[in-house]
Structures are given as structure tokens and as C-alpha cells.
Amino acid sequence: MNKFKIFSLALVASASVAKAQDINQAKKAIDAEQFDKAKSLLKSIIKAKPSDGEANFVLGNIYLNQAIVDSAKIYYLNGLEAADKKNLNYIGLGQLDLDAKNAAAAKANFDLAAKDMKRKDVNEFIYIGRAYMNSTNPDYTNAVAVLKRALLIEPQNATALLAIGDAYHGANNQNDAYKSYRDAFTADPTLLRAKMQLGVLLKGAKSYEEAIKAFNEVIAIDANYGPVYRELAETYYKWARNKPSTQQVNYQKAISNYEKYLSLTDRSIDSRMRHADFLILVKDYKALEAEANKMIELDKVNPRIFRYLGYSAYENGNVDIAIKSLEDYVKVPTNKVIAKDYLYLGFAKIKKGTAADGVVDAAAFDAGLADIKKAVAMEPLAVEDLGDFGKELFTKKQYNQAAALYELSANNTESKNYLNDNVYYGISLYYANANKEKTAIDAAALAKADAAFDRVLVASPTYDEAYLYKGRINNLLEKDDLIIKNYQEYINRTSAKGAEELAKPATVKKIVESYNSIAASYANTDKAKAVEYFNKTLVLDPTNAYATQSIKALK
């Protein structure tokens, strides 16, 4: 799961002047991830006091955190016109520069923000450190450097310690992150996010039970601190994924904790979308469809809702709705399309075009395959999601269509399904040709199948069935030398497993197939060898008609 972007920069409090109660409430709402409430409070402050530059800055940060860049920039520019703390808005503009990969412009804006700082001020440094971290192009090295400047001035500043902990965490320096979080909570025991982050580190280290204990300690202090339930939900989800035997119980705990988190936020579109993303992870598509329909009632124009509708409609068997929803989403150039969008769109089109009775609509399949190829081009490891769908096509005996999917993953050695997908790729191509007339056999496809089993044997040298399939493939290609070579290799490897393996009915059947195929290959060049192998068949299967009749014909 993507790490939730930390937005606790709004926790920063002035070291010298007590803030207005309203802006403190807005900051508490932000920390509680109640963003709609915070926006409402900040807009009220700005309306009552347009000269409040900090309110504009904090409001801009909320919009930037939600990727509503135009609104963020408007508030930063408005904040520069304010009389009070207008310099903070240069930090917001600096983060926009970082997002645009313009580090020099960002540094210039950060310098403007810090230009008139008083000797004991630290807030600007903390905000700048957060900007380096929260950018879409994070720079944890510079974040740590600027936050150290804050701590030189005020070593026990809890928000600076929390921020540098986050910077160390982002840079995968977990030891210093742990120390910083611990010191932050010691400096300010009300700073629950610092204590919560100790649990986040344990979650990242896959110490799930210890992480849950840490989060429960936060709940013991304040049972209404919403973000900790989101972290609990993510922990149970990851535990379920890493230990499948716990999946049923832990997925349910993940869902219930996320519902608790939602109950403590303002159930804004933003929080609902995070919830929708989580429902995709735990594969609760009925709940996802219900959530998507609720979001449409609240916001009929937010395009991401079409993504959730598309995913859930597909999983719930409504392929027409899935196709329309996802096409409506991906066709808009400004929407941030991800590989999974094209993957689901492709699956939906193929599902619509491949009937259970085996009939295939070639145009629908080709359109779906084109979308899946777009997904793989965007994210090569998207092929890891193709296996189950390929098996579904294989089960319906739509072998060419299954092979077309598996071909996308057959050469991706980074895929966790590399071995399995190559097996199915080779088998699919074989069965697509197994019952064809000699003149209709696709020799090029069978060559690909043979190569797939070669890759299987490199990845798993003990996968003996590969030799069996290579024998079958070359049987279709009528390559006698390769038929003999591969079937004999299968016999040798299987025989080496001992009497118990050779006594299994399924093994006997495959050995008989191997003897008969080798014998048939020798029939035109070495009749004695052919008879020898047919006799081996009759030892295992005395009533085998093919061997009996072939021996008579050879005499």
C-alpha cells in the first residue's frame, strides 16, 4: 500500500505568539485528517481576516495535499498579499517548484521565506523540511538538513523532532526515525502522531503484532484519534497479505478499523476516496460499489469515482457498466490514469467478448488485449494480475486467447508468476494446435511453446513435465529426433524418482504415451527400436491397442 502522505506540517505552532483559537482548531482537524472541516475553518478565518497569511498558506497546503494544484496556488498567491506571515506562502510556491522538478526555483522561494526570520524562529525551517518531504519528488536529504537547523535553535521542539523523524523514515533510516519519534513524544506527550509513528515503523518492519500493540497504546491515550485506526487497518491488511492463513480474520479487522477511522473523519470525498482505495486492496467490491454510488451523490463531477465504479462493476459481474465507467475515466486527458485502469478496462472488454460456451468475439478480444498492453507498457509488473484471468480463458478452452495474455508475461523475469505463466503459455499454445489438421498447425506458435518450456526448465530444472510437453509439441511438428530426446528425458527423470512414483496411474499413463511416441518416431528409421519401445508399453499396459497393432504392422 502506498504510504499515506504525512500532512502534519500543519501542526507547527508559533514559538513566540499564541495562535488564534480558530487556526489551532483547523490544525487539529488536519491532524485528525478531517480536511473538509479544516478547509471550512480556514476559509472563515480568511474571510474575517484577509491579512492572515498563515491561514492562506495552511489552506493551500490542504489543497496541494489533495492534488488540487490550481486552488493551492491561488491561496499561496493570495497569502503573499497578506500583512501577517506572508513569507510562509513562498514555501508553498517552493513545493510547487519541487513538484515541477525545478530545485533551483524552489530553493529561491525557500530563501525568501526564511529571509526575515528572527534569530529564535524555527517554524519556517520546519515547514520547508515538510515541503521537501511532501513534494511529489521528495528530497529527504535536504529535508533532514533544514530540520537540523531548527533543532540547533530549539533541540526539544516536538514538531521539529516529529518532522525529522518523518524525513529519516522517508530515507529508510529507521533507527534515527525511531529515536526522533520517541524524543518528540517525550518532549510533548500530547503529540499522538509521534507515538503513532513508532507503530508505523514496526508495521514497516513486518512486526505486525508489535505494531498493533503500539497503536493500541495510542488508543488508550485517546480513543478518538482517527488516524491510528487507519494505521491499524493497514497493519491488519498487510498481515493478511503476508500470512494468508490469517487472511479471513485480518481482512475483517482491517475493514472494521477503516470504518472506525471514517467515523472519526468528516467523511469527505477525500476520505471516502481513501476508503475506496482501501476496499480495492481488501477486495471488498460490493462495499466499493456502494461507496462509489454514495460518492456520486455527493460529487457528480469528480472523475476518480468512475474508476471505483469501473473496478467494482467488473468484479460484481456488470461488464457493461465497467466498460462505460472506465472509458469515461481514461478518455479525459487531465485524469491521472494508472495501469490498473487499463487492466480492468481490458478485462471487461474481453469478458464481454468471450462467452462461456467458447464463442469468441475477436474484435472485442482484440480491443481488450490492446488496453491490457497499454497497462503493461505503463507498469510491466501489471502482468502479475493476468494469471487468474488467463486460467479462466484456458478453462473455457479459449486457448489462443489465454496464450495471448500469457505471452505478455512470459519474458518478464521480475514477475512473481514468471514460472507459472510460462507453463500456462506453453500449454495454451500446445492445446490451441493439438486437435488441428496437419495443414492448419501453427508451427511458429508451437516454437514459442517449446521456448516457453525451455524458460521453465531454466527457472525450475526439476519441472520434469516440461519435457513431456516438449515431446508433445515436437510430435505435432513431426520432429522425430526431438520427440525421442524429450520423451526419453521425461522417462529418465521420472524413473529416477523410484517405484512409488512409477506405480501411480497418472504416471503410468504418461510413460506409456512416451514409449508409444518414441516408438512411432523410430518406426520409419529403426524398426527394431520401434518394436522395443512398443513392447515396453505392453509391459505397463498389456491391452494397449496402439502398441499391439503397431507391432503387427512392423513385422
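**Figure 1. Surface and overall dimensions of the protein chain.** The accessible surface of the protein chain amounts to about 26,300 Å², and carbon and sulfur atoms contribute 52% of that area. The model is predicted. Its secondary structure consists of 30 helices and zero strands. Along the principal axes, the C-alpha atoms occupy a box of roughly 110 × 45 × 45 Å. The radius of gyration is 32 Å, whereas a compact globule of 555 residues would have a value near 24 Å. Of the 555 residues, 53% are classed as buried. Among contacts with a separation of 6 or more, 54% join residues 24 or more positions apart.

**Figure 2. Helix α3 and its two ends.** Helix α3 comprises the 13 residues 53–65; at 1.5 Å a residue it should span 18 Å, and the 18 Å between its end C-alpha atoms therefore agrees with expectation. The helix is mostly covered, with 13 of its 13 residues buried. At its start, a side-chain oxygen of aspartate 52 comes to within 3.1 Å of the backbone nitrogen of glutamate 54. Just after the helix, alanine 67 adopts a positive phi of about 65°.

**Figure 3. The salt bridge between lysine 27 and glutamate 54.** The side chains of these two residues form a salt bridge with an N to O distance of 3.1 Å. Distant parts of the chain are linked by this pair: lysine 27 belongs to helix α1 (residues 21–31) and glutamate 54 to helix α3, 27 residues apart. Lysine 27 and glutamate 54 are both buried.

**Figure 4. The salt bridge between aspartate 277 and arginine 304.** The closest N and O atoms of this salt bridge are 3.5 Å apart. Aspartate 277 is in helix α15 (residues 269–281) and arginine 304 in helix α17 (residues 304–315), so the pair ties together parts that are 27 residues apart in sequence. Aspartate 277 is partly exposed, at 32% relative accessibility, as is arginine 304, at 26%.

Figure 5. Lysine 529 and glutamate 532 meet through their side chains in a salt bridge of 3.9 Å, N to O. Both residues lie in helix α29 (residues 527–540), three residues apart, which is about one turn of the helix. Lysine 529 is partly exposed at 31% relative accessibility, and glutamate 532 is partly exposed with a relative accessible area of 33%.

**Figure 6. A network of salt bridges.** Asp31, Glu33, Arg193, Lys203, Arg230, Glu231, Glu234 and Arg274 are joined in a network of salt bridges. The whole structure contains 39 salt bridges.

Methods. Residues numbered from 1 in each chain as written. Predicted model: local features only at pLDDT ≥ 70, side-chain atom pairs only at ≥ 80, totals over all residues. Heavy atoms only, no water. Helix = DSSP H or I, 4+ residues; strand = E, 2+ residues; numbered from the N terminus. Expected span 1.5 Å × (residues − 1). Buried < 20%, exposed > 50% of the residue type's maximum accessible area, 1.4 Å probe, protein only. Polar contact = N/O pair within 3.5 Å; in protein donor to acceptor, adjacent residues only side chain to side chain. Rg over C-alpha atoms; globule rule 2.2 N^0.38 Å. Contact = heavy atoms within 4.5 Å. Areas by Shrake-Rupley, 256 points an atom, 1.4 Å probe, with all protein chains shown as cover. Salt bridge = Lys/Arg side-chain N within 4 Å of Asp/Glu carboxyl O.
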